[in-house]
Amino acid sequence: MAQGGAAAAQESAVPFPSLEWFRRLADLMNANRPRQEQLGYVDCVAQFTVLDGGSNGAPWSAQVTFEEFEASDVRAATAADVARADFSLEATLATWREMIESIARGHGRPDLEHTLNYLSHPGTPMRLVSDDPLRRDLYFRYNQSLQEFVNASGSFRTVFPG
Amino acid sequence: MSQPARADEIHSPSGSHQQTEAGVARYETAFRHEYKEWAALLQRNAERLAKGSYSLHWLETDGAAWGRRAKPSSRGLTYTDINHVKGYGDLPEMATWKNFAPRGSVREPYAAEMPTLEDYTVLDRGEVWAENVLTLYEEAKARQWNATRDIPWNELEQLPEDLEKATCQLCTFLTEVEFVAGDFPAKWLYRIPQDFLEVKSFLSTQLMDEARHQEVFRKRAIAGGGLLHSSPGFEWALKAILEAPTHTMGTFLLNLLGEGLVLSIFRSGEMIAKTYVDKEIFRRCLQDEARHVSYGVMELKYYLDHHPNRAQALAEMHRFADVGEQVILTAFTEAALVEPVAILLGGGLAKIDQGMEGMARLWSMFIDEYLQRCERAGFPRRERCAIPVNAPWGAA
């Protein structure tokens, strides 16, 4: 579970959606290698899409590359980059916000109705997208690591637009 | 009436004393009178040692791939790393070594003196290989977890009786089905020769995974109230998997179809979990299951892609799947599975109807995912699938 505490709370808030927000998660993951070694390898490119997170309500996406025990790359993704991702998790800003706020309330653990799998399994309000079932299955193979990746947002303050 | 023996009171091997005695007699006959080679080897060794002479033939490197040292990658020294070394990574299309001699060792000079193990029957690489098996093996080792220690058992909360019973019934189902996913690879593991050691290694991780799943669901049930009902429909589906005529067919039925559906149940289990303990259990298990599904998809693909007569292979697989899908459907329509999941999905016994509606929506998604995996393997089942695309109780 993400370590937070007073020091983290004093850090400046990070806007969501933004590359900075995902890079903060990547930094937290990379700083906690012993935990990643417990969880095991993660080898995939995950795309996180905020369907109305861009300018004028357009989609906004970040791609995070996971290699071995690290999040090795975070980059913005356009529609042309979709094929690079093994899978995408797509949801509205309201859904992402609800999840992030739940994680914050739980100090790094969402309530039972705001885990990635809970939100994505029925296909709504979060959608798992991949055109290859094998690449889609990576989402399941690394689910615990991906959950802990977003759980790390509980260790800093997130601000949302509006 | 005598009491049944407790597991820890059983000291003798299975079977009666007469059976054991007969077995020992057969063993004696075989090794004393039928197999001559080992005795000749022992004699030769005894003479050498008695003479005080040395045999250093094993220092000779002719025929060996000696000196080409494997280099570790960033992950350590993987099978992929050592298979890159010339002489070690060449898997035969058809295994001919039916003994334990390691692939890449100097073994030809000794072939005539070596035993043959007729139990090694899966000699065709197409029956076992998958292009992702090395990756899955390394991943499986890296992502092991411990059902005793990694689940926050002390956070287990008592649920209302209907939800607790539904959870325990689901765990009883999973306890019942999980070990076939161990017994099936176990059944085939010793029939696979050493030349396919990477597959044997991966199947060993699947065995460990399934042991852990059986363990964690048994523990969850007994910690929450107890095991509830086993079910004949589950048993027939498991029997159909275990008695599949070939490794590929059984792997299709177990890993691609059965575990694909169980993966869906795990994902549903995580979604409908009423405690953090259950969330963690299902999330951990679904990761393991997804590895097994991936092996199943790619093993079938390799089989079909390398079969000398693809049309024939497809026809046989379809015939098998026509039966297998129906038998598996028996399990996935059992009251001991459908109804408890519906109660958990709906949020209580009084809301079972809403739960069934929710399950109907998930059903179509499960079957579509199965059909997509079949297509990915090059095995189109969409027009022929014996499992209805829509839930048999009607979509919401």
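Predicted model: local features only at pLDDT ≥ 70, side-chain atom pairs only at ≥ 80, totals over all residues.
How are α7(B) and α10(B) oriented to each other, roughly parallel or roughly antiparallel?

Let me begin with the chain. Chain B contains 13 helices and zero strands, and its C-alpha trace spans about 85 × 60 × 45 Å along the principal axes. Of its 396 residues, 38% count as buried. If we take the contacts in chain B with a separation of 6 or more, 76% of them are accounted for by residues 24 or more positions apart.

Now to the pair of helices that I opened with. The axes of α7(B), which covers residues 197-224, and of α10(B) come within 11 Å of each other and cross at roughly 150 degrees. Angles over 145 degrees count as roughly antiparallel, and α7(B) and α10(B) are therefore roughly antiparallel to each other. Their crossing is left-handed. As for the residues that meet there, α7(B) brings Phe202(B), Gln206(B), Asp209(B), His213(B), Val216(B) and Arg220(B), while α10(B) brings Ile281(B), Cys285(B), Asp288(B), His292(B) and Tyr295(B). Sorted by class, this contact of α7(B) with α10(B) has five nonpolar, three polar and three charged residues.

Helix α10(B) also has a part in the next topic, the contact between the two chains. Here 29 residues come from chain B and 21 residues from chain A. On the side of chain B that touches chain A, the elements giving two or more residues are α4 (133-142), α9 (247-272), α10 (276-306) and α13 (352-376) of chain B. Among these, α10(B) gives the most, with 10 residues. By class, that side of chain B has 14 charged, 10 nonpolar and five polar residues.

Finally, a word about the interior. In soluble globular proteins, nonpolar side chains tend to be buried together. In this model, the largest nonpolar core has 128 residues, and those with the most contacts inside it are Leu25(A) and Ala46(A), along with Ile241(B) and Leu253(B). What is Ala46(A) in contact with, leaving aside its neighbours within four places in sequence? The partners of Ala46(A) are then Val64(A), Phe66(A), Ala85(A), Asp86(A), Phe87(A) and Leu146(A).

Methods: Residues numbered from 1 in each chain as written. Chains lettered and ligands numbered in written order. Core = buried A, V, L, I, M, F, W, Y, C linked by C-beta atoms within 7 Å. Buried ≥ 20, exposed ≤ 12 C-beta atoms within 10 Å, placed from the backbone. Contact = placed C-beta atoms within 7 Å. Helix = DSSP H or I, 4+ residues; strand = E, 2+ residues; numbered from the N terminus. Nonpolar A, V, L, I, M, F, W, Y, C, P; charged D, E, K, R; others polar. Axes fitted to C-alpha atoms, helices over the stretch in contact; angles between N-to-C directions. Parallel < 35°, antiparallel > 145°, perpendicular 65-115°, else oblique. Left-handed = near helix turned anticlockwise from the far one by under 90°.
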